[in-house]
Amino acid sequence: MTHRRWFTPWLLVAPALLWLAVFNIWPSVNTVVLSFTNAKPLGGGRFVGLANFRRALTDDQLADALLNSVVYMLVCLPLLTLLPLLMAVLVEKKLPGITAFRTAFYTPVIASAVVVALIWGWVLDDRGLVNGINQQLGWAAGPLPFLTDRWLLLFSAIALTVWKGLGYYMVIYLSALGNVGRELHEAAAVDGAGAARRFYHVTLPGVRGTMLLVSVLISVSALRVFSELYILSDGTGGPGGRDMSVVMLIQMYSRGFTGHLGYASALSLLLFAVTVGPMLLLLRLNRKAA
């Protein structure tokens, strides 16, 4: 009988633990430490206490970035929670050719976010497809400023996020719908419930847990949005930089040889606090509904 040494399991998990410590735990701890300093990329910096956080409270750029991120989340949350569920209900049916529709809906998910954003930028440009159609049909006298107006740029990026995320969340809902008992739908149909009532009284309660998961994922992703706004705004954050997300603001302050790593780290902690808020709220609402 082979004698098992106590450290054998630890040897097996040591590579994963080392990876976690080096690339997750240490950067997180270092971010907290840097947030209390005025560190630069080429300098160590010194301890400044809460100066970075006080600066954040009076930073107009942060106020705009936080507003953009919150609007992004509030618009994306209902759209990406409900629309994928409706799509999943439609493509769940065993119909001829339904696999092709599932593939078509999922294709944007596997496409590169950078490539998709570049294509959308060309489509929404002043001389792009959308403005060309608008002017040909006489719907607009001139090109609509999709990429140069603050709110049009923000909602163009939101539309891109929603379009690209529909297929991903649809697949999550499809797996949840498979666990909703067919007998419940059949019993409701026998009792005279129509499709809408079956959806409300059978489908929604059956996928409530999945809806909570999807809502949390959407909230976190929307508050951390970067690629869509960065590429559509050509890296400028829109007119006057007012379409920046918090992540873009962090990137702006941390890049380059004069980057303010201390202030960027403080902004990262504030973003973490803002991100945790919606998660806790959704969990609390779920407990009340249970």
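Mentor: Axes here are lines fitted to C-alpha atoms, for helices over the stretch in contact, and angles run from 0 to 180 degrees between N-to-C directions. Helices are DSSP runs (H or I, at least four residues), numbered from the N terminus. The model is predicted: local features need pLDDT of at least 70 and side-chain atom pairs 80 or more, while totals for chains, interfaces and linings use all residues. Residues count from 1 along each chain as its sequence is written, and side-chain values use heavy atoms, without hydrogens or water.

Trainee: How do α7 and α10 run relative to each other?

Mentor: Take α7 (residues 150-177) and α10 (residues 208-223): their axes come within 10 Å and cross at roughly 165°. Angles over 145 degrees count as roughly antiparallel. Therefore α7 and α10 are roughly antiparallel.

Trainee: Which residues of α7 make the contact with α10?

Mentor: Contact means heavy atoms within 4.5 Å. From α10 come Thr 210, Met 211, Val 214, Leu 217, Ile 218 and Ser 221. The α7 side supplies Tyr 169, Ile 172, Tyr 173 and Ala 176.

Trainee: How many charged residues are in the contact of α7 with α10?

Mentor: Sort the residues by class, with Asp, Glu, Lys and Arg as charged, Ala, Val, Leu, Ile, Met, Phe, Trp, Tyr, Cys and Pro as nonpolar, and the others, Gly among them, as polar. This contact has 8 nonpolar and 2 polar residues, and the charged count is none.

Trainee: What is the angle between α3 and α4?

Mentor: Look at α3 (residues 60-91) and α4 (residues 98-110), whose axes lie 10 Å apart and pack at about 160°. That angle makes α3 roughly antiparallel to α4. The value you want is about 160°.

Trainee: Which residues of α4 meet α3, and how many charged residues does the contact have?

Mentor: On the α3 side are Met 87, Leu 90 and Val 91. They face Ile 98, Arg 102 and Phe 105 of α4. The contact of α3 with α4 has 5 nonpolar residues, no polar ones, and a charged count of 1.

Trainee: How is α9 oriented to α3?

Mentor: Here α3 packs with α9 (residues 195-206) at about 100°, with the axes 13 Å apart. Angles of 65 to 115 degrees count as roughly perpendicular. The two helices, α3 and α9, are therefore roughly perpendicular.

Trainee: Which residues of α9 touch α3?

Mentor: Leu 85, Leu 86 and Val 89 are the α3 side of the contact. By class, the contact of α3 with α9 holds 5 nonpolar, 1 polar and no charged residues. The α9 residues are Phe 199, Thr 203 and Leu 204.

Conventions
Parallel < 35°, antiparallel > 145°, perpendicular 65-115°, else oblique.
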